[in-house]
Amino acid sequence: MIRPATPSDVDDICALWNDVITSTTITFTTQNKTPQDVLQTLDGPWPTLIATRNGVFSGFASLSPFRAGPGYRHVAEHTVYLRDDARGAGQGKALMMAVQKSAKGIGLRALIGAVSGSNPAAVAFHEKLGFSKVGVLPEIGEKWGTRLDLILMQKNL
C-alpha cells in the first residue's frame, strides 16, 4: 500500500534514512536526519509517500526542489529508499509510480534522480522506469575519504 506520509511515520522515515546515511555511499550526506528535519519536509509543499506491506513500513519516496529559481519550478528531484527486506517485491516501483503521479498532479514536468556512482542497482532501477542517464559528474561527491561520481537521471512526465 502506498499512502501520504503523516507525522506518525517520522520515526520510521528517520530510522531508514539514517541507516542509509550511516552505512552506505548511496547518499553523500553524512549528517543524520532528525525528527524535526522530517517533520519540516512533511509540512512543506512537496509530497512524501510511504510504502507499507501488511501494515509494516517498508520505505518512502519524496520530492524536493531540483534547483532554486523560477526557471526550475516544474522540475523536482526525488528520493526513494526501501528497507533491505522490502526489496524485490515491487514496492520501489509502486512508490515511484505514485511519486510520478503526485508530481504530475502538482504541475511538474520532469523528475531528476541524483544517483551515486556506487549504486549501479539504482541506475538500473531508474532505467527500467523510463529514466535516462543525462549526465555524470565524476568524483563530485566524497564520503568516508572516497570520491564518488554523481549520475543524473531524468524522466520527462
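1. Helices (H or I, at least four residues) and strands (E, at least two) are DSSP runs, numbered from the N terminus. With these names, α2 gives the most to the lining of the largest cavity, with 3 residues.

2. The model is predicted: local features need pLDDT of at least 70 and side-chain atom pairs count only at pLDDT 80 or more, while totals for chains, interfaces and linings use all residues. Residues are numbered from 1 along each chain as its sequence is written, and side-chain values use heavy atoms, with hydrogens and water left out.

3. Helix α1 (residues 10-23) packs against helix α2 (residues 35-43) at an angle of about 115 degrees, and their axes are 9 Å apart. Axes are lines fitted to C-alpha atoms, for helices over the stretch in contact, and angles run from 0 to 180 degrees between N-to-C directions. The two helices are therefore roughly perpendicular to each other (65 to 115 degrees).

4. The contact (heavy atoms within 4.5 Å) is made by Val10, Ile13, Cys14 and Trp17 of α1 and by Pro35, Val38, Leu39 and Leu42 of α2. By class, 8 of the contact residues are nonpolar, with no polar and no charged ones. Ala, Val, Leu, Ile, Met, Phe, Trp, Tyr, Cys and Pro count as nonpolar, Asp, Glu, Lys and Arg as charged, and the others, Gly among them, as polar.

5. Lining residues have an atom within 4 Å of a cavity point, on a 1 Å grid over the protein atoms alone where a 1.4 Å probe fits but cannot get out. Ile13, Trp17, Val38, Thr41, Leu42, Thr48, Phe60 and Ser62 line the largest cavity. This lining has 5 nonpolar, 3 polar and no charged residues.

How values were computed
Parallel < 35°, antiparallel > 145°, perpendicular 65-115°, else oblique. 1 Å grid on protein atoms, 1.4 Å probe; cavity = no way out; pocket = protein on both sides within 12 Å on 5 of 7 lines; lining within 4 Å.
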